[in-house]
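Colleague: I'm new to this, so could you walk me through how the labels on a model get decided?
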Amino acid sequence: MKLLGIETSCDDTCAAVVENGRVIHSSCIASSAEEQNLYGGVVPEIASRRHIEHISQVTKKALREANCRLEDIDGIAVTFAPGLIGAVLVGVNFAKGLAFSSDKPLIPVHHLRGHIAALYLTHPDLKPPFLCLVASGGHSHIVEVQSYTQFRVLGRTVDDAAGEAFDKVARTLGLGYPGGPAVSRAAAEGNRLAYPLPTPKVEGPYNVSFSGLKTAVLNTVNQLRQKGEEVSVPDMAASFEWRITEILAEKLLCAASDTNAKQICIAGGVAANRALREKLEQGVQKLGARLYLPDLSLCGDNAAMIAAQGFYEYEAKPQARWHDYALNGLPTLPIDYE
């Protein structure tokens with residue numbers, strides 16, 4: 001079964017063709033990140049306008065690279081929640097038009113479920129149940145993946161997401177957008193012990209909080225500059241990256257130990273972080289479990305992951321459901337929605 005995936009939840013316009021939720025035939029992305037960098041982060045209005053400009057050509061390119069026509073596609077999967085609502089609506093309405101005109105099933109996909117499905121594209125042997133940390137610009141969740149379409153949230157951020165904290169610290173240090181890769185590049189040359197940063201306390205054994213950590217970086221930088229002292233950007237980047245990845249790894253490994261999980265995964269944009277990967281590889285070995293990491297090309301937003309999850313959503317529910325052209329986009333929605 002070949003699905004065309006559409007993803008427009010943030011600043012990347014994405015289309016892909018995936019077969020049976022596991023085989024990528026094409027994956028195309030048009031990003032407005034360079035333009036967003038001029039403003040230090042994503043401007044929703046600009047993102048929505050660029051989606052409108054790019055989506056038709058990106059979809060045509062995905063079909064062309066997959067060597068197929070729309071008639072050869074068995075269904076259209078699209079991100080309908082959560083995300084920047086203007087951006088989400090561009091993808092949803094485009095997918096609705098394609099599905100209606102071609103009489104194809106329209107399959108709504110939750111963005112975070114899509115990030116988890118990126119693991120199926122990298123690891124053909126991976127099947128639920130497993131434990132997964134989903135960390136990106138807008139989300140930080142520890143999720144028990146009970147089946148391809150059933151999820152239980154064990155922990156989450158109570159304020160800022162990990163990716164959001166990376167973006168804000170990068171802006172504070174003048175490193176540009178997107179913040180995660182920029183901070184990691186700077187951290188490679190820094191001393192992680194140079195600036196002691198706090199570990200925010202939060203209720204719940206697996207919950208995390210990053211607002212205080214982000215504020216600690218901002219306050220330290222401002223205090224040093226007010227004193228006329230120079231801030232070492234590499235050292236601050238390394239200190240921040242070390243602390244935030246230490247928190248994420250500790251919480252995930254704690255949840256894995258408590259639930260006796262033998263398959264441990266990470267997904268989302270922050271899953272590309274080398275320091276986090278190294279920490280988890282060491283910790284998972286001590287638990288006698290196996291760590292699954294998504295391919296770096298599948299950590300950020302992409303449509304292949306949406307098409308992959310779309311396959312399992314389609315398989316799990318009656319086929320009559322998949323022609324709802326009243327589908328709307330949503331800015332927020334829990335991953336464990338019914």
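Modeller: Axes are lines fitted to C-alpha atoms, for helices over the stretch in contact (heavy atoms within 4.5 Å), and angles run from 0 to 180 degrees between N-to-C directions. Helices themselves are DSSP runs (H or I, at least four residues), as strands are (E, at least two), numbered from the N terminus. This is a predicted model, where local features need pLDDT of at least 70 and side-chain atom pairs count only at pLDDT 80 or more, while totals for chains, interfaces and linings use all residues. Residues are numbered from 1 along each chain as its sequence is written, and side-chain values use heavy atoms, with hydrogens and water left out.

Colleague: What angle do α6 and α8 make, and how far apart are their axes?

Modeller: The angle is about 115° and the axes are 7 Å apart, with α6 covering residues 179-187. Among the residues that meet there are Val183 and Ala186 in α6, and Pro234 and Phe240 in α8.

Colleague: Why is cysteine 299 called buried?

Modeller: Buried means under 20% relative accessible area, exposed over 50%, and partly exposed in between (1.4 Å probe, protein chains only). Cysteine 299 has 1% relative accessibility, so it counts as buried. Cysteine 254 is at 31%, so that one counts as partly exposed.

Colleague: How many disulfides does a search of the whole structure find?

Modeller: The search finds 0. A disulfide is a pair of cysteine sulfur atoms within 2.5 Å. For cysteine 254, the nearest cysteine sulfur, that of cysteine 132, is 17 Å away, so cysteine 254 is in no disulfide.

Colleague: Why are the buried residues of α7 said to line one face of the helix?

Modeller: They are Leu213, Lys214, Ala216, Val217, Val221 and Leu224. Seen down the axis of α7, they fall within an arc of 160° (taken from the directions from the helix axis to the C-beta atoms), so they line one face. These buried residues pack against α5 and α8.

Colleague: What makes aspartate 103 exposed?

Modeller: Its relative accessible area is 57%, so aspartate 103 lands in the exposed class. Aspartate 103 is in the loop between α3 and β5, and has a positive phi near 55° without being a glycine. Most residues other than glycine have a negative phi, and most peptide bonds are trans.

Colleague: Which peptide bond ending at proline 178 is cis?

Modeller: The one from tyrosine 177, with omega near -5°. Proline 178 sits in the loop between α5 and α6.
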